[in-house]
Structures are given as structure tokens and as C-alpha cells.
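Hello,

Here is the structure I promised to pass on to you. Please have a look at it first, and then read my notes below.

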Amino acid sequence: MNESLHRELTLPVHGMSCASCVSHVEGALRGLPSVSDVIVNLGTNTASLRYDPAVVTLADMRKAVDDVGYGVATAELTLEVRGMTCSSCVSHVEGALLGLEGVSAAVVNLDAATARVTYVPGVVTPRLMRKAVSDVGYEAQERAGGADALDRERQARGDEIRRQGRNLLIAGGAGLVIMIGTFYDMLGPLKAFVPVWLSYKWVIGLMTTPIVFGPGRQFFTNSWRGLKHGVTDMNLLYATGIGAAYGIAVINTLFPKAGFGGEGATFFESAALLTAFIILGRWLEALTRGRTSEAIRKLMKLQPKIARVVRSGVEEVIPADEVEIGDLILVRPGEGVPVDGQVKDGYSAVDESMLTGESLPVEKRAGDPVIGGTLNKTGAFRFEATRVGKDTALAQIIRLVEDAQASKAPIQKLADWVAGHFILGVHVLAVVVFVFWFFFGYRTFFDPNSAFILSPYALGEIGVFGFSLLLSVTVLVISCPCAVGLATPSAMMAGTGKAAEYGVLFKGAEAIENASKLQVVVFDKTGTLTKGEPSVTDIIVAPGVSESVLVGLAGAAEKNSEHPLGEAIVRGAEARGVALRETEAFNSIPGHGVEARVGGREVLLGNRKLMAERQVDFSGLLAEAERLEGEGKTVMFIAADYAPAGLIAVADTLKDHSAEAIERLHKMGIETVMITGDNRRTAEAIARQVGIDRVLAEVLPQDKASEVKQLQALGKKVAMVGDGVNDAPALAQSNVGMAIGSGTDVAKETGDVILIKDDLRDVIVALEVARATMRKVKQNLFWAFIYNTLGIPLAAGLLYPFLALVISPEVAGLMMAISSLTVTLNTLLLKGFRPSVRRGDGMRAETAASPRMLTAGQPAGD
Amino acid sequence: MDEGQEREVARRSARLYLPISLGAAGLFLLAANLAGGYPVVARIGGTVWVWLLSTIVTMPVITARVKRGLVR
């Protein structure tokens, strides 16, 4: 099979409510030929997969998902089509649209000049549809008011909330009346307000029936569809529970002498309230589930809808997704930047915090890059579009966060497996419980005065079958691990979203799980701990020479140099406000330095060898030179008119927050290691200044991965932080590879975590978010399983011989609803999480503020 | 898998899970009769409940296995 022909696809799936649904949808899709890497995410309601379009079609996938009781969500869109004149135009346009993968129906109306398209969002976009229509010779435009992806997502969620809300209103309202009727005898003085006929069994039965066959019907139809295809899910537990309670109640009402317990054992209220509570759980889930993916919605909202494009000197407002590369775009104060580009003219400050987490507005002037989705604050500017559509930084970030949210952490795979096999186990347990109480328990322990928990009703005349069935049904209902399916993905979604808010992008849930377990963080030196470019650290002048003269001569001599050390000297001179004169003559001496004439003076700048060759006596400054070299700095000798003028030392500099980041990592109990191609003396000098625990020096780029491997061989979980340029093998070898300072072209980055800003403190943000997320996952799994763990023995009647109390099915249903609610609310607490770096706690201000000079010359290996 | 194949899977798996669940229900009925003292309704009701749960347990397991076998 040719892997290169395989495509990746993310399908929106609806109807899933639990972990077993996830495994069923995964199983159905995996069963299709050529389909691989199937990952279904309950939190995002998506299935991502790889497939060979020549072997399997989207229709096959939709059918497979439909067959196991779920559905692939579709959306509708109306295109206004111009240029159609006859029926053959209609078939051309329809053919073009239907030829697109992801379009399931296209109906063209010639009179109205419209095309109504039903399609799978995420597989095909309106832009592709417009292009397809345009390719066959017509013009298409999305009808104004058409919903975009964000609106559709919100609409789908709103529909589900409304559907379950309607069901809840019916089941809950009627259930309340049924409960009043059932407990009529206990109402005391309130009886005067309740008609007596409400307590008649047949009335209660009549009111229960529409609940079971109305709002409760979804459980029966879904479980039957699944059963037919060999799958079981939570719906089956509910259907069996509700069905059994209702069936027995009907028999006991219509045939009280049949021996099922008679009128004293009608469970209409159980069937009604169980349905109501399960639907309450579904409604609460629908209400809260979408809130965990708020990060994506926030990012989507950033996408400006329009752009002011300047074409032929005329400003026109067009949809942002129609901007093309090379377009000149005007951005006014307060407006969003529609796409990525480069400023051509104008000046402004742009708020990029939404994408990079950088809190201060970034100044923009000609030549600076701008990012689509950011907000222009003060001035106006014009920029040229360089990346549009799916290539913009914002689109890439959204895709990356979506992919991460669609992926599965190892812990979730285990939870899904357990939940998936749980249901069958529960049915086996229900048989065991029934058989035990039927043949042994009832005869031995039954007490007619025993009652339901939280109910004053005694079980009274219930027979052996009714009692055994009651316990069996309660076991089914209480065992439902519905919250398990939400526990991990909801926390992962919240965690990846939270990290994205701070400019930290996790590429998958596994990266979060691994990052939470890290023990060692290995830093690449150049470009990661340090700025990766040398700067002037020391200036030593010869007697009679001022610093400004020395720097002026050196800067002027190096003005035209492209050597990194020369550039450092020029930057150093500029930083000191020294005006650099033009050179009258310039000559580069390879391997030695440069010679130039500046203001009539012969200037030599270079190494010791150059001075020796030109017989310039530097003996008076040699001690200083040796001291600086001992610190690992690169020393340059400057002579004017063949007399020593002074020394300039150049070294790499630490990034602003390197030392603070290392100190914070130590506080978190993380061991820090620096890996570099520099010699040991230089490397150790750097390590001392930044506070690194351990140094791996003189490591060639190709050997970095094996150094990481050696650390892992000691049983340590290792993260590698690098700029991704020559660290790719080491990033891949580590448990978590972090690419730092990648800017906004995130799609090209290697590594499991991408730190958009060039700020090492984001390593701490990544680790803290990962730890907080995994804490949340574990708490959620605890809350999801604790109800089952405690509830099953109670429901099975384990305490009945001692307490003579049983849990009624409706209380079991309520516990399950509370379980789901607890998990979702617990996850929402993560929204308030702030990394310590952003809280600014525990660290001295100066560690963050002062850049330090380092003892590095040009690095050998990194 | 086309509709014909699906019908075949359903037929083949039913030939397996129905006898198993009916056997379990039959065993229950036999045990209830042997133990004695149970009203007819309890015996019949219990048999139906055991059959239903046994079917629910065996149906998906066997259907999935038959489907896998047919796909191979």
C-alpha cells in the first residue's frame, strides 16, 4: 500500500456520549479497508484518521459511523451562482460541487441562481466550493449571512442543548408530577392541593409512558442500532434499566395478581425519574462540554472577517479569506490584521498577546512582520500579504491546537479500554446479582419493612422476582461509566487551550502527559540559553586612548564587515552612540582580521597573530587579553597607526530570562543540563552564570541525541529545549522536545511542544500547564469512577443484609448525572489556572531584568 | 461491508448467540424448578430476564467476532 497516497481527515461525529461510544466509532472506522490511525475524541466530537481515497470514500465512512448508531455531522450552505443560463449549467455546477470530497449533496436552482450544498465541515470549505464552481466557468459567492465554522459549531452545540433541554422539560416536569402522585399518601396537609386521581397507578402509568417513549426513546433506538452491529454502549444500560422498570410497572398495574409484586411494586416513578436524571446528565454535559474548548473558539473569533485591500490605488473592503498573497492591505487603528504580512509603510503598535502571550503591544514599522488575527492599537499602516488562508499563523495555531485536542493521551487510551469493556462486565454482574438474590438472597435476607435509600417507601409485598430484578436493574444504571469518557479529553482540551493562551502549543495529549512527568530538562546553549549572537562585553583602552575613539575606529573599520564578530563591534559602537565614519580604504585579511583607513589613520583590527605580523607591540595589554580569553571571550586587538589602541572582547549573551527560568525549574525539582559544542571551560563559565546543574560540553550536533539517550538510559524523563535548527534529532529522541522561539510559522516546527515566544520561561509555563492538566485528569478519573466503585456494591445489595436499604434506580441515575457534572465542573476550574511566571510570584525582579554577558566565543557545535 | 454481508453476519451470529442465551435461560429455569417454591410468574420472568441479559452480553461479542472473521 502506498502510504504517500493516504490522506488525513477529521470528521465531526455526533451522538457520542461516553467512552464506549468512542471505542465503537473507532472500531467502525478501523474496520474499513485502508483506514488507519483512527483517533476519536469525545471532547471535540471528532474522529481523525488516515485513509486511501482510492480504496474508501467519505460515504463509506459516514455509513460505518451511522451503522453503529452515531452520525457524521453535516452543514448546509447556499452559494449564489452567477453565469448559469440553462439546465446544462445546472448539471455542470452540481457536478463540480459533487466532485468535491466532503460534499454529500448539491442542489442547484437555476431560477434563484443558487446552489444549496450539504457538506461535511472540515473536509471541504466554502472556498474550495467557490473554486470548483469557478473552475467550470461560473462565479459563486457565499450567500450573506451564511454561517461560518464558528457559528456552525455553536449552532450544533445549541441544537443539542435545546434538544436535551426540551427532553428534560418534558421528563423532569412530568416526573415531578409523577413523584407527587406516587407519594400522595405522604403529603399530609398538602394533599388538599393535589387531586387524588394523580395517585392512581394507571394515571401515573399514563404520564410515564410519554416520558419513556418520548425523551427516553433515544436510549432504545441508539442501543438497538449498536447491538445490531455488535456494539454496546451506555444507552444500552439506560434502555435496559428504564425498560425493565417500566415493563414491570405496567405488568403490576394491569395484572396486579401476576406475582410480580402487585401494585406495591410499580416502578413508574423509577422509570420516569431515571429517564429525567439521565437526560439531566446529558443536558449538563452538552451545556458544559463546549466551554472546555473555549480556547479554539477564542482563536477562531480572532479571525477578522474583512480586509481593506488597496488595489490600483483604490481601497476596497473584501472578505478576509479572499485576500491573496501580494495584496496591499490597509489597517486602521483599532482594526484587526486580516492575514500575515510585512509592513510596507506606516507605524503602529500591535497587540499580539492573543497569539504569543506577549502582554505589551509590539511596535511595527516598515519591514516588520505582522500576524493575522492580532489587533492594531494606535497608528495606521499598510502591509503586503505574505501568508493567507490555511497558511496564516493563526490558522496553523488553530489547526495545531485542534490536532492536539483530537489526540489521545496514553492514560485516556487505558480509560477508554476499561470503559469499553465495562458495559459487558456490568451486564454479566447484573445476571450474577439477579441469580444470587433470586435463589439465595431474597429467601435469606428480605425484610418487608426494608426501604429505598432517600425514600420513606417500604418495599412491602414485593416478590422474589421483583426484588431481584430491582437490584439487577439498579446495578446496570449505577455502573454506567458515562463520566469516564469525558474525564481525560475535557481536561486535555482545557489544558491545551490554556497553554495556547500563553503562546505554548502542545502538539498532542501525549506531550502533555509526558511533560507532566519530566525530571530533566536539557537546554541547547546557542540560540536557546543565549541569544546566539555575540556582543561587546569588555573594552580595554591603551594609555592615552579614549573608549569612544577606540570604539569609533573599530566600528568604522568593521562597518562593511559581514563577519559576526565585526557586526557585534558595529552594534556595540551604535549602542554607545558613537558615530561611525566612512572608511577611506578597507582590506579583509582572511583568518586574521581587517585593515582600514579611517579619518586618515591606519587601523588594524584582528587577532594576536595579525599584530605580531605587523609588529605592533601589545605587551602592555597582554595580561588583560589573557584574562579575557581565560573567561572564554573572544578578544580583538585594535591598533591605530601601528600603535596599540586597545582591546575589545566579544561574547555571546544570555537571553533575558534564562537565569530566572533555570531557577524556577530548580524550584520545581527539575534537574537542568546544558548541551553545547563549546569547549568545557567556556561551557562551564556559562553554566555557572545561568545556574545550570550539569554541562555536556564539546558535543557535536549529531551526538546530541545520543547524550539525551544516555540520560534516558538512567531512567529519567528528559525534555530537550532547542531552537530546532540543528537539534531536531535530539528533540525527537527526548521524551518531550520543545522548540523555542519559533515565531509563528508553527507548522514547520519539530518537537512536541512549540514555544512561540523567544522566552525560556515558557518552558515553565509548559510544565506547569502539563502538571495542572494531568492533576485534573487524575481528579476527573477519580470522580468518574468513585460513584461506580461505591455505588455498585450498594446497588448489588451488599449492605442490604445489615441495613435493609436498597438504592432505587432513579437515585442511581441521579448519581450518574452528578458524576458527569462533577467531572465537567472540575475541568472548568482549570480555566482559572495561571502559571507562576504570569503571577510573578517567588522570583526576584532582577533575575528577570538584567541580561548577562557570557564567556562564549563563536560556538563550535551549536 | 455491503448490506448482503451484514445480513450474513447477523444470521451467522444469531445462530451462535441465541442458543447460548437460550441455554443460559434454560439453565435458570431448570434451577428454579429444581429449587422449587417459586411462583410461575417469577420463574418465567426470571427466565426472560436472564435470557435478555445473556443475549445483551453475547450478541455484541459474537457479532463482532463473526464480522472480523468474514472481513478476513
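Let me start with two phenylalanines: A:Phe434 and A:Phe465 are both buried. Please keep in mind that this is a predicted model.

How do the rings of A:Phe434 and A:Phe465 sit relative to each other? They form an edge-to-face aromatic pair, with 5.9 Å from centre to centre and 80° between the planes. This pair links distant parts of the chain, as A:Phe434 belongs to helix α13 (residues 410-445) of chain A and A:Phe465 to helix α14 (residues 464-478) of chain A, 31 residues apart.

A:Phe438 and A:Phe439 make another pair: their ring centres are 5.1 Å apart and their planes stand at 75°, which is over 60 degrees and therefore counts as edge-to-face. Both A:Phe438 and A:Phe439 are buried.

There is also an aromatic cluster, made up of A:Phe436, A:Trp437, A:Phe440, A:Tyr442, A:Phe445, A:Phe446, A:Phe467 and A:Tyr800. Over all chains, a search of the whole structure turns up 24 aromatic pairs.

Now to the strands. In chain A, 4 of them form an open sheet with antiparallel pairing, in the order β2-β3-β1-β4. The edges are taken by β2 (36-41) and β4 (71-72) of chain A; each has a single partner strand, so one side of each lacks a neighbour in the sheet. The partner of β2(A) in the antiparallel sense is β3 (residues 46-51) of chain A, over 4 bridges. If you want a place to look, A:Val40 has A:Ala47 in β3(A) as its bridge partner.

Enjoy exploring!

Best wishes

Technical notes
Residues numbered from 1 in each chain as written. Chains lettered and ligands numbered in written order. Predicted model: local features only at pLDDT ≥ 70, side-chain atom pairs only at ≥ 80, totals over all residues. Heavy atoms only, no water. Pairing = 2+ DSSP bridges. Helix = DSSP H or I, 4+ residues; strand = E, 2+ residues; numbered from the N terminus. Phe/Tyr/Trp six-rings, centres within 6.5 Å; stacked < 30°, edge-to-face > 60°. Buried < 20%, exposed > 50% of the residue type's maximum accessible area, 1.4 Å probe, protein only.
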